[in-house]
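Let's look at what sits inside this protein: the gaps first, then the packing around them.

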Amino acid sequence: MSSPLRLGIAGIGTVGVGTIRLVQRNAAMIAARTGREVTISAVSARSRDKDRGIRLGDYAWEDDPVALATRDDVDTFVELMGGENGPARASVEAALAAGKDVVTANKALLAHHGQTLAERAEANGAVLRFEAAVAGGIPCVKALTEGLAGNRVTRVMGVMNGTCNYILTRMESAGLSYDQVFAEASDLGYLEADPQLDVGGIDAGHKLALLASIAFGTQVDFDGIALEGIERIKIEDISHAADMGFRVKLLGVAQMTGRGLEARMSPCLVPAGSPLGQLEGATNMVVLEGDAVGQVVLRGAGAGEGPTASAVMSDVIDIARGIRVSTFGQPAATLSRAMPAEVATPAPFYLRMILKDRPGALAKIAACLGDAGISIDRMRQYDHAEGSAPVLIVTHRAMRRSLDEAIVAMAGTGVLESDPVALRIEDV
Ligand code: HSE
């Protein structure tokens, strides 16, 4: 058997504990699969005294993750602290500078510094891998970099923030408001320390930026993602969309078009009967489309101790086996600069508005859409209450820009009780 692969693990929170448990519990199986033992030399965390319910006594302790990353008895540095900068970035940079391989679950770090870090890894003969950074236990990075490597990827989609999917599906099933379910999610400990990372779409946007880089051979471009969170989604949007056969999802979509890379993470509608439409609770789904394979759907736990540790170990095991895949699936120097598309591909839209009960009110709204070149596919008006009525319109394919023109015109008609809500309907 070859010499052991010796890990240094920084960050012993949920994912760190899960990773240490897997290394301990499955040691013999991992050695059989890789042909060498995977051991832990040293660990680091903010608090040494905390009871984490695992055995740490066999491992050296470092207060400073940078010192851990550069220890002689560490072959692979496993960064599980999180954070775009600070100790996570400093220790990953130190490990790579010392020529050590790095495995990380840190999506923010890679979404912002992925290109520089990938270049640094390659310059030092090291690998930098991040399966656990995207959709927890779902092996979507490996699916793209390896399983689908022979395909020209046409589109990547995903529900990649379990907290948002929990909030949206719970609002529908319990008929509760966004604020009520947000409070529940907070009590359940689902929300990140900064909840805006979840509900503002930032966490999911980081993940989409990483997948898009692999899929399209482009440098990670988080700033090029059109980002919108779920805070403005009302229970009415969810229940009325359901009446029209749709579900509301915080969905990431990335596709290369003739106008550049189109990437957005935003609330949109998907058919209720589609795999994405049927995704309940905190589960994640990643949908990959390639010119040869067609559509591949991956579903699983996007967070949590076991699932995320499973993803960390898949990278560790690759390294133990001597499998050395470039961070974004091809050498960093060959990744092209992403050119974000300024205009999104046309799509059908769902419009919800409250109309005053006046003769010709509906005709005025229809005229605004017609004047903007937008054709109506379906429409529904609900009972009038106190002189106004909710109206739902599903349009045929339209440019967002034309829809915005129509919405501005609607505001001038005097028949609206409130601003219309417009949500893109994705063809999934
Ligand atoms: N907060 C994330 C989620 C997990 O709810 O899916 C970590 O990215």
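## The second largest cavity

In this predicted model, the second largest cavity has a volume of about 40 Å³. Leu168, Thr169, Glu172, Ile238, Arg247, Val248 and Lys249 line it. Sort those by class and you get three nonpolar, one polar and three charged residues.

Where does the lining of this second largest cavity come from? Helix H7 (162–174) and strand E9 (246–257) each supply at least two of its residues.

## The largest cavity

The structure holds two cavities of 30 Å³ or more, and the largest has a volume of about 70 Å³. Its lining includes Ala209, Ala212 and Ser213, along with Asp221, Leu261 and Pro340. Here the class count runs to seven nonpolar, four polar and one charged residues.

H10 and strand E10 (260–271) each put at least two residues into the lining of the largest cavity. H10 gives the most, with three.

## The nonpolar cores

Now for the packing. The largest nonpolar core has 79 residues, and Phe130, Val134, Ile167, Leu211 and Ile230 have the most contacts inside it. Helix H10 (residues 202–216) turns up again, giving the most to this core with nine residues. A second, separate core has 32 residues, among them Ile20, Ile54, Ala105 and Ile317. As a general background point, nonpolar side chains in soluble globular proteins tend to be buried together.

Which residues does Phe130 touch, leaving aside its neighbours within four places in sequence? Phe130 is in contact with Thr104, Leu110, Val141, Leu210, Ile214, Asp315, Thr327 and Phe328.

Note on methods: Residues numbered from 1 in each chain as written. Predicted model: local features only at pLDDT ≥ 70, side-chain atom pairs only at ≥ 80, totals over all residues. Heavy atoms only, no water. Core = buried A, V, L, I, M, F, W, Y, C linked by side-chain atoms within 4.5 Å. Buried < 20%, exposed > 50% of the residue type's maximum accessible area, 1.4 Å probe, protein only. Helix = DSSP H or I, 4+ residues; strand = E, 2+ residues; numbered from the N terminus. Contact = heavy atoms within 4.5 Å. 1 Å grid on protein atoms, 1.4 Å probe; cavity = no way out; pocket = protein on both sides within 12 Å on 5 of 7 lines; lining within 4 Å. Points joined across faces, edges and corners; volume = space filled by probe spheres on them. Nonpolar A, V, L, I, M, F, W, Y, C, P; charged D, E, K, R; others polar.
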